[in-house]
Amino acid sequence: MKMILAIIPPEHLNKLLDDLDEHLLPGLTISEARGFGHHDRDFTDVEMSPRLRVEIACHDEEAETIINAIYKSAHTGQRGNGKIFVLPVADALRIKTGERGAAALGSGGT
């Protein structure tokens with residue numbers, strides 16, 4: 001299992017959701033965030049740009065498709081497009097049913 005964490009500009013959200021919907025997205029969490037990138041080195045007057053934090057837990061074999069969809073929807077070639085992080089998930093528990101591991105993510109993986 002993987003946790004995909006993406007930090008993207010808010011204006012890319014609708015395209016991202018459309019792109020992910022084509023791939024039967026297992027589910028996602030979106031929260032508001034603020035931050036700055038490596039180009040903002042003067043910490044005395046840093047403007048924290050509004051961003052969205054998108055988190056998607058998925059089966060290993062779904063990860064690359066989801067990463068590509070995020071990249072496709074957020075990439076403009078300009079500064080500030082964001083970042084994608086891929087983290088291993090040791091375990092998961094679906095609170096409703098008590099299912100653990102890959103079964104807690106639902107269909108899609110093995």
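Student: I would like to start with glutamate 99. Is glutamate 99 buried, partly exposed or exposed?

Tutor: Glutamate 99 is partly exposed, because its relative accessible area is 32%, and a residue counts as buried only under 20% and as exposed only over 50%. Keep in mind that this is a predicted model.

Student: Which residue does glutamate 99 form a salt bridge with?

Tutor: To read a salt bridge, look for a side-chain nitrogen of Lys or Arg within 4 Å of a carboxyl oxygen of Asp or Glu. Here the partner of glutamate 99 is arginine 94, and their closest N and O atoms are 3.0 Å apart. Arginine 94 is also partly exposed, with a relative accessible area of 29%.

Student: How many salt bridges does the structure hold?

Tutor: There are four. Among them is the pair of arginine 100 and aspartate 91, whose side chains meet at 2.3 Å, N to O. Arginine 100 counts as exposed because its relative accessibility is 51%, while aspartate 91 is partly exposed at 37%. Another joins the side chains of glutamate 55 and arginine 53, at 3.5 Å from N to O. Glutamate 55 is partly exposed, with 22% relative accessibility, and arginine 53 is partly exposed too, with 33%.

Student: Let me turn to arginine 51. How far away is its nearest side chain of opposite charge?

Tutor: That side chain belongs to glutamate 11 and is 5.6 Å away.

Student: Which backbone oxygen lies 3.3 Å from a polar atom of the side chain of arginine 51?

Tutor: The backbone oxygen of glycine 80 does. Glycine 80 is also among the residues in contact with arginine 51 once neighbours within four places in sequence are left aside, and so are Ile7, Ile8, Pro9, Pro10, Ser31, Glu32 and Ala33. Arginine 51 itself is found in strand 3, which covers residues 49-58.

Student: Now for the overall plan. In what order do the elements of the chain run?

Tutor: Starting at the N terminus, they run β-α-β-β-α-β. That comes to two helices and four strands. Of the 110 residues, 27% count as buried.

Student: What should I know about the interior?

Tutor: In soluble globular proteins, nonpolar side chains tend to be buried together. In this structure, the largest nonpolar core has 16 residues, and Ile4, Ile8, Ile66 and Ile70 have the most contacts inside it. At least two residues of this core come from each of strand 1 (2-8), helix 1 (13-21), strand 3 and helix 2 (60-74). Helix 2 gives the most, with six residues. As an example, isoleucine 70 is in contact with Ile4, Ala6, Ile8, Leu16, Ile56 and Ile84, leaving aside neighbours within four places in sequence.

Student: Which residues of helix 1 are buried?

Tutor: Leu13, Leu16, Asp19 and Leu20 are the buried ones. Viewed down the axis of helix 1, they fall within an arc of 125 degrees, so they line one face of the helix. Asn14, Asp18 and Asp21 are exposed on the other side. The buried residues of helix 1 pack against strand 1, strand 2 (29-35), strand 3 and helix 2.

Student: One last stop. Where is glycine 106 placed?

Tutor: Glycine 106 is in the segment after strand 4 (83-88). With 24% relative accessibility, glycine 106 counts as partly exposed. Its contacts beyond four places in sequence are His59 and Arg94. Also compare glycine 106 with glycine 27: they are 79 residues apart along the chain, and their C-alpha atoms are separated by 9.8 Å.

Technical notes. Residues numbered from 1 in each chain as written. Predicted model: local features only at pLDDT ≥ 70, side-chain atom pairs only at ≥ 80, totals over all residues. Heavy atoms only, no water. Buried < 20%, exposed > 50% of the residue type's maximum accessible area, 1.4 Å probe, protein only. Lys, Arg positive; Asp, Glu negative; His and termini not counted. Polar contact = N/O pair within 3.5 Å; in protein donor to acceptor, adjacent residues only side chain to side chain. Contact = heavy atoms within 4.5 Å. Core = buried A, V, L, I, M, F, W, Y, C linked by side-chain atoms within 4.5 Å. Arc of directions from axis to C-beta.
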